[in-house]
Amino acid sequence: MSDVRRAKHGRPVHHWRRDVIELAALFTAVTVADGVANLIGHGPDGPTLLLVSAAALVATAGFHTWWARRHGHAPPTSDTGAPPRSEESAGRSDQPRDTAATVSGEGALWRMRTTVKDEPGSLAALCAALAELRVDILSLQTHPLADGTVDEFLLRAPGGIAAAEISRAVSVAGGSGTWIERADAHDLVDAPTRVLGLATRTALDAAELPLALRQLLGRCTIRSLPAVPAVGGRGPEPVPVEGVLEDTVMRLRAPEGGVITVERPYLPFTPTEFARARALVELDARLGPRVPRSQDVLTLPQGNDITVRRAHNGDLEAAKEMHERCSPRTLGMRYHGPVGDADRYLKHLLSPRFGRTLAVQTASGRIVGLGHLLWDGDETEVALLVEDAWQRRGIGGELLRRLVAMAVEARCESVYAVTQSSNTGMVAAMRALGLPLDYQIEEGTLVITARLGAPPEAESAVGMTGRVSSASETGRAEAP
């Protein structure tokens with residue numbers, strides 16, 4: 001068996017010298033066994049000798065088991081004579097290594113977190129246990145605790161190794177509370193680069209804060225609770241400036257008031273993660289309100305030019321005026337409640353803290369349509385409102401496609417729309433996305449969920465033509 005095949009399958013290379021030695025040992029064992037059998041069968045002390053031999057075998061087996069448990073986690077030496085990797089070379093760096101091979105080669109990526117004692121050699125034991133399984137450590141982050149250290153690994157393992165096998169090896173090596181899940185190519189970016197990227201996105205757009213927190217902390221549920229609810233009632237309990245960390249829940253003071261709650265029931269937060277999340281929220285608070293100023297001018301099939309842009313709190317009065325021009329039926333289709341309460345939701349909907357809003361305005365500057373992408377915990381809702389006189393011109397479909405494209409960019413798995421079963425326009429717009437849809441109907445309320453895949457094609461389906469505004473109007477942020 002060649003060295004190349006060993007590298008592929010992970011089995012040791014056998015040589016002819018080893019085979020000769022094993023044959024010689026076998027013949028020697030047979031000769032000794034034959035002599036012992038003759039001595040026991042014909043000698044006067046045969047039974048006594050048999051009992052002594054059995055005791056010696058039991059003692060030898062016990063010693064071998066003890067020795068294997070004590071020394072069984074040493075890193076294997078390679079056939080090339082190279083020394084095993086030290087604790088530092090085994091993955092103390094946050095920099096990913098051999099990323100191209102990780103993406104295109106054989107094997108699986110795993111993210112693993114385990115808690116070890118804060119004492120010399122604990123990390124070396126973990127690295128040795130992973131090396132025995134031929135698991136490569138691509139990056140490592142440490143989260144100090146009061147009574148130990150949480151080590152977070154990005155691993156590349158042979159395809160045949162299951163998560164349970166890795167967890168067992170880590171547990172034997174001294175790890176506790178081990179958590180492991182599959183990773184993907186997005187996790188190959190080292191931690192400092194990822195945090196800087198999230199900070200940049202947050203600085204450019206206030207709506208990015210919940211998304212940045214979710215990408216920073218992994219799968220979690222994030223809720224922004226306003227200090228004064230839009231529908232009345234009591235607001236959330238106040239939070240101190242430094243925030244509150246309670247095992248699997250952290251609460252942070254929102255920059256505009258209210259509370260940001262982050263929950264991750266399957267894995268407790270560490271003080272390091274809490275400090276990173278608090279730093280992102282503080283950055284958002286220092287920068288103040290900001291919304292990207294990019295906009296697109298589109299031509300409707302009827303020949304009218306409309307502008308699609310991001311909306312913000314400064315559009316509150318124009319949005320209320322649009323409400324006044326909408327019929328009670330249109331408002332009822334959108335808000336599913338008393339028409340008089342519609343204005344109370346606008347301040348909440350236009351805030352970038354709770355999602356992203358697109359506004360459609362005419363050449364005169366009048367807003368005739370609003371599309372909302374709302375962060376609802378770990379789910380995402382889409383909602384549309386188009387003024388009666390501008391309905392059935394493709395505006396709703398255009399808004400919906402852009403909102404879904406934003407959701408795909410934010411790595412959302414699905415979006416849902418809540419409407420009435422008689423709202424055929426919304427149903428048709430969701431079907432026009434070309435995505436898998438799930439329908440749930442309960443007491444006249446229809447919930448349509450679209451499972452997201454590749455980004456939808458832009459500027460199509462309704463016959464619109466578009467041009468992006470000049471460079472002086474894009475790529476900047478404005479304070480509403």
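This report describes the salt bridges and nonpolar cores of a predicted model.

Residues are numbered from 1 along each chain as its sequence is written, and side-chain values use heavy atoms, with hydrogens and water left out. Because the model is predicted, local features need pLDDT of at least 70 and side-chain atom pairs count only at pLDDT 80 or more, while totals for chains, interfaces and linings use all residues.

**Salt bridges**

Side chains of opposite charge can pair when their charged atoms come close. A salt bridge here is a side-chain nitrogen of Lys or Arg within 4 Å of a carboxyl oxygen of Asp or Glu. The whole structure holds 18 salt bridges. Three of these pairs are set out below.

| Glu273 | Arg113 | 2.9 Å |

Helices (H or I, at least four residues) and strands (E, at least two) are DSSP runs, numbered from the N terminus. Glu273 belongs to helix α9 (residues 271-287) and Arg113 to strand β1 (residues 108-116), so that distant parts of the chain, 160 residues apart, are linked. Both Glu273 and Arg113 are buried, where buried means under 20% relative accessible area, exposed over 50%, and partly exposed in between (1.4 Å probe, protein chains only).

Asp296 lies in strand β10 (residues 295-299) and Arg402 in helix α13 (residues 395-409), so their pairing ties together parts 106 residues apart in sequence. Asp296 and Arg402 are also buried.

Asp438 is partly exposed, with a relative accessible area of 36%, and Arg451 is partly exposed at 42%. Elsewhere, salt bridges with shared partners connect Arg111, Arg113, Glu152, Glu181, Arg219, Arg264 and Glu273 in one network.

**Nonpolar cores**

A nonpolar core is a set of buried Ala, Val, Leu, Ile, Met, Phe, Trp, Tyr and Cys residues joined through side-chain atoms within 4.5 Å. The largest such core has 37 residues, and those touching the most other members are Leu373, Ile395, Leu400, Val404, Val415, Met430 and Leu452. Elements that each supply at least two residues of this core include β11 (305-310), β12 (355-361), α13 and β17. Helix α13 gives the largest share, eight residues.

Beyond its neighbours within four places in sequence, Val415 is in contact (heavy atoms within 4.5 Å) with residues including Leu373, Val404, Ile448 and Leu452.
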